[in-house]
Amino acid sequence: MTMDATGPTESAEPTEATGSTGPRPRALEGRIALVAGATRGAGRAIARELGRAGAVVYCTGRSTAGHPSDYGRPETVEETAGLIRAEGGTAHAMVVDHLEVSAVRELVDRIDREQGRLDILINDIGGEAYVEFGIPLWEYDLDDGMRLFDAGFRTHLLTSHAALGLLIRHPGGLVVETTDGTRDYNQGHFRETVFLDLAKTAVDRLAFAEGHELKAHGGTAVSVSAGWLRSEMMLDAFGVTEQTWREAAAANRGKTDVVPPYEFVISETPALLARGIVELAADPQRDQWNTRSVSSFELARHYGMTDVDGSRPDAWGFITAMDTTPSADLAVEDFR
């Protein structure tokens, strides 16, 4: 149910942007965006940045006031839309389960009726709350595993299936498939469980495939990964706040089986990814990214963006360095 958001081949390298110092006010004026999974974390941050840039943002999620999803979190999709409106933006909160085909179609039909177009689709539903680590495939509860795969991948596929017909109505459309891990990283690393590994690599492949089909319509599809995201859920899991995380992580350097682990020093706020996506959406040459996989750090470096603290953390560079160097021997200053 719903209630009241022409590219090169993959070998081409994006042309470096010049003179970009931050998200441009109202750079997306007149654009219509759908953010699937906008209740919290990266999805909420992306929706807010799109709203700040002038886009009309349709925010979807399952958690609504008085009726939280099975995540059991306090954030709601109405809250996200309210934050956008409070900052002068235009937002619509829609309660949608993106595994329900009829609900997703109803959502897209409403956007078509009200706006007649869709310019930006952000598929940000992740399913990480369903992950169980350390369990091999043959011992993993199949229902639990499929719940992770369905939330992490099928939601993206079903939403794109319903929305891309509207998106291609006007040239220049953008699809962002958010995942965990860049293409280069995931090709060489097992993501700890079969269901998580398949879900995150499948999302990246979906962006690759969508990009090939959208190219003929002047559209672009990109796979984007944040680094170690300092989301509401992650902060709560580690028992820290946005004010205390850095000191707590640094104090655990060289220690094992502690939270937060020292590696958390390379974490980033959801704003870094969100700012990069807004710059990507506003870039008239965004088709140079078509079919590619890119990290929040790469977008930030390309467009001259920083995180809220003024740093530019390269989480995947740090994590890859851990393959050959103990994390305690890595200085975070070399990566942010």
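This is a predicted model: local features need pLDDT of at least 70, side-chain atom pairs count only at pLDDT 80 or more; totals for chains, interfaces and linings use all residues.
The largest nonpolar core holds 41 residues, among which Leu-28, Ile-46, Leu-50, Val-57, Cys-59 and Ile-122 touch the most other members. Helix α9, spanning residues 270-282, supplies the largest share of this core, with eight residues. When neighbours within four places in sequence are left aside, the contacts of Cys-59 are Val-35, Ala-38, Ala-47, Val-77, Thr-80, Ala-81, Ile-84, Ala-91, His-92, Ala-93 and Met-94.

Val-175 belongs to strand β5, which covers residues 174-180, and because its relative accessible area is 0%, below the 20% cut-off, Val-175 counts as buried. Residues up to four places away in sequence not being counted, Val-175 touches Leu-121, Leu-164, Leu-167, Glu-210, Leu-214, Thr-220, Ala-221 and Val-222. In soluble globular proteins, nonpolar side chains tend to be buried together.

Helix α10, formed by residues 296-303, is mostly covered, six of its eight residues being buried. These buried residues are Ser-296, Phe-297, Leu-299, Ala-300, His-302 and Tyr-303, and the elements that cover them include strand β6 (220-226), helix α9 and strand β7 (293-295). Gly-304, which follows α10, has a positive phi near 75 degrees.

Notes
Residues are numbered from 1 along each chain as its sequence is written. Side-chain values use heavy atoms; hydrogens and water are left out. A nonpolar core is a set of buried Ala, Val, Leu, Ile, Met, Phe, Trp, Tyr and Cys residues joined through side-chain atoms within 4.5 Å. Buried means under 20% relative accessible area, exposed over 50%, partly exposed in between (1.4 Å probe, protein chains only). Helices (H or I, at least four residues) and strands (E, at least two) are DSSP runs, numbered from the N terminus. Contact means heavy atoms within 4.5 Å.
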